[in-house]
Amino acid sequence: MLVDGYKRPIKDLRISVTDRCNFRCVYCMPHDEYEWIDKKEILTFEEITRLARLFARLGVDKIRLTGGEPLMRRNLELLIAQLSSIEGIKDICVTTNGSLLADKVAGFKAAGLKRINVSVDTLKPEKFKEICKRGDLDKVLEGLFAAQKQGLHPIKVNAVIERGVNDDDIVELVEFSRDNGFFMRFIEYMDVGNTNSWTSEKLVSKKEIVEKINARFPLREVGRENGSAPAVDYEFVDGRGEVGIVASVTEPFCSTCNRARLTADGKLVTCLFSSTGHDLKALLRGGSSDEEILNFITGIWQVRKDRYSSERLEALQSSTYDPKHTSS
Ligand code: SAM
Ligand code: SF4
Ligand code: SF4
């Protein structure tokens, strides 16, 4: 089995299908115009599928499609169908801001998609506009319910919590998910993205989030799915569902991190916080054989020693933290 420098296997491939987005969430993207990757540099669906097949041979069994906003990529259902047919891939998920979901979800379902994650940071329309800058909460909620109508399951609702912005929305989001059969997932605000001026004061820790929810809806810890999932899950004591919390900052999970990333322009990135990637597109377009590409990926994974979030926690605890601005 292929393992990295800390004996971590490669299991989960996060594929960015576009760098573009129709939102400008304050914690993620700059508000002004952006220098997008040139269209011809973006991997085609055939190129993505070829690479996914090779990653599956190395141990990947789970694929997440992300972005930017993945639904900005035209005909995404064609890619979902191609990826669904790869031997060894047991799970495909899409993470979306939900704005274009209502019109597209039936096609995704028909292509083989079973579950989806939708980002909703608040249920207050005005605040939604302040956070996402563009788009419309009603359209996102319409997408969520359309996904439910198509029978996707689970539907996870992701919210990034920032102090002073939406920490007062936690209980309302939980109530909404419980009432509608969604799985709520809170994400600690991270020092990722291009312009978010992260400081630890803006962080609302997992501990605080759990305390807020527990005071209203008592919780019992379940733990991490498969032992290596980013979220720690909790079930409601009254039996009405579960909630997950991704505590990248206060309880990093680098020691079990089996996630690789493929950028829209075909670079293999071994950590969310890594500023460099390894160019797979050059191999694809330069005529390399499958064996050559497999050897290249294997060589990169074998020496992988990323543990950025663990290092950040050590630095925060010893007051030597120096904010590093990388792009998600
Ligand atoms: N556009 C899609 C969406 O918003 O769901 C997919 C891409 S987005 C980069 C993936 C996830 O990263 C979203 O759930 C988003 O909220 C989260 N995210 C972005 N910036 C973040 C930050 N600074 N801290 C924590 N999570 C962040
Ligand atoms: Fe776009 Fe998602 Fe980033 Fe928001 S979090 S700006 S929706 S990529
Ligand atoms: Fe994995 Fe890097 Fe996140 Fe650690 S910081 S969990 S190594 S992606």
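Which residues have the most contacts inside the largest nonpolar core? L65, F186 and I213 do, in a core of 99 residues. The model is predicted; local features need pLDDT of at least 70, side-chain atom pairs count only at pLDDT 80 or more, and totals for chains, interfaces and linings use all residues. Residues are numbered from 1 along each chain as its sequence is written, ligands are numbered from 1 in the order in which they are written, and side-chain values use heavy atoms, without hydrogens and water.

**View 1. The largest nonpolar core.** A nonpolar core joins buried Ala, Val, Leu, Ile, Met, Phe, Trp, Tyr and Cys residues through side-chain atoms within 4.5 Å. Buried means under 20% relative accessible area (1.4 Å probe, protein chains only).

**View 2. Contacts of L65.** Beyond four places in sequence, L65 touches I15, V17, P70, L76, L79, I80, L83, C93, V94 and T95. Contact means heavy atoms within 4.5 Å.

**View 3. Surroundings of ligand 3.** F253, C254, C257, R259, C271, L272, F273, D306, Y308 and S309 surround ligand 3. By class, this shell has seven nonpolar, one polar and two charged residues.

Notes:
A residue is near a molecule or strand if one of its heavy atoms lies within 4 Å of it. Ala, Val, Leu, Ile, Met, Phe, Trp, Tyr, Cys and Pro count as nonpolar, Asp, Glu, Lys and Arg as charged, and the others, Gly among them, as polar. Buried means under 20% relative accessible area, exposed over 50%, partly exposed in between (1.4 Å probe, protein chains only).
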